[in-house]
Amino acid sequence: MVLFTLYIRADLEHVSSVALAPGADLCISVRNPLSPDTEVREKVVIETGADLMDPGVVHVDAAKHEIAKREPPCHFALKWDGAQNRSTIQVLSLESKDATTTGKKGKKGNHHHHQDSVQPRAMKEEDSGNFVPIVSLECNGLEPYAFHPLGGEFVITNKNGDTFEDVDLSEGAWSSVDLASGSTAITNFEAKFE
């Protein structure tokens with residue numbers, strides 16, 4: 001299992017925090033790390049609010065001996081062409097110590113470098129213009145490479161304490177204007193996986 005972290009960056013105006021909405025659906029693109037140029041799945045949706053899928057016991061024929069093994073529960077699974085096992089993603093909760101990435105080594109010696117431990121968290125006002133880790137994914141047999149906002153993934157709180165839950169960042173920007181509190185805006189939104 002390899003941990004990947006989704007980082008977001010945006011310019012914030014009158015915003016005190018940008019947080020991942022509880023139970024948000026995440027739309028990502030994934031690829032097979034063993035053949036990243038040919039095996040990809042574009043815009044798959046992970047339902048983070050759904051119960052973990054429990055695949056149960058999987059039987060594997062290892063040298064004609066039936067071996068029963070248990071695959072871990074997950075939020076998303078697929079099976080690449082010719083693969084014996086499913087490739088899976090489990091979204092780790094923000095409170096989980098497992099969500100902290102420390103530069104684990106993947107198959108074939110691939111490194112996912114992080115200078116320090118990275119704990120996913122909400123983006124704050126002082127993070128404006130900088131990448132912030134928002135969520136970690138525990139991946140087995142696939143790697144995420146793109147995030148596609150659908151709308152509704154993020155909860156925005158402005159400096160007055162007003163909360164906005166139906167925020168759509170699919171166009172890279174969002175704003176709300178209130179005569180009493182002024183403009184609240186997010187611009188230049190982008191995301192990356194590490």
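Arg9 is partly exposed in the predicted model, with a relative accessible area of 26%. The side chain of Arg9 meets that of Glu190 in a salt bridge, with an N to O distance of 2.8 Å, and Glu190 likewise counts as partly exposed, at 34% relative accessibility.

In general terms, side chains of opposite charge can pair when their charged atoms come close. Another of these pairs is formed by the side chains of Glu143 and Arg31, at 2.9 Å from N to O; here too distant parts of the chain are linked, Glu143 lying in strand β11 (residues 143–147) and Arg31 in strand β3 (residues 25–31), 112 residues apart. The two partners fall into separate accessibility classes: Glu143 is buried, with a relative accessible area of 15%, which lies under the 20% limit for that class, whereas Arg31, at 25%, counts as partly exposed.

A further salt bridge joins Lys159 to Glu125, the closest N and O atoms being 2.6 Å apart. Lys159 lies in the loop between β12 (154–158) and β13, and Glu125 in the loop between β9 and β10 (132–140), so the pair ties together parts that are 34 residues apart in sequence. Both residues are partly exposed, Lys159 at 44% relative accessibility and Glu125 with a relative accessible area of 37%.

An open sheet of four strands runs in the order β9-β2-β12-β13, with antiparallel pairing. Strands β9 and β13 (163–167) stand at the edges and have a single partner strand each, so one side of each is left without a neighbour in the sheet. The pairing of β9 with strand β2 (residues 15–20) is antiparallel and extends over two bridges, and within these strands Ser17 stands opposite Lys124 of β9.

Thr88, found in strand β8 (residues 87–92), counts as buried at 3% relative accessibility. When residues up to four places away in sequence are left out, Thr88 touches Cys74, Phe76, Ala77, Glu138, Cys139, Asn140 and Leu142. Cys74, one of these contacts of Thr88, is itself buried, with a relative accessible area of 0%, and Cys27 also counts as buried, at 3% relative accessibility.

The protein averages a pLDDT of 84, and 79% of the residues score at least 70. Over residues 102–115 the pLDDT is below 50, and this stretch has 19 contacts in the model beyond near neighbours in sequence. Among the elements of the protein, the lowest mean pLDDT (50) belongs to strand β5 (residues 57–62), and the highest (98) to strand β9 (residues 123–124). Where pLDDT is low, the predicted coordinates should not be read in detail.

Technical notes: Residues are numbered from 1 along each chain as its sequence is written. This is a predicted model: local features need pLDDT of at least 70, side-chain atom pairs count only at pLDDT 80 or more; totals for chains, interfaces and linings use all residues. Side-chain values use heavy atoms; hydrogens and water are left out. pLDDT is the predictor's confidence in each residue, from 0 to 100. Contact means heavy atoms within 4.5 Å. Two strands pair if DSSP finds at least two bridges between them. Buried means under 20% relative accessible area, exposed over 50%, partly exposed in between (1.4 Å probe, protein chains only). A salt bridge is a side-chain nitrogen of Lys or Arg within 4 Å of a carboxyl oxygen of Asp or Glu.
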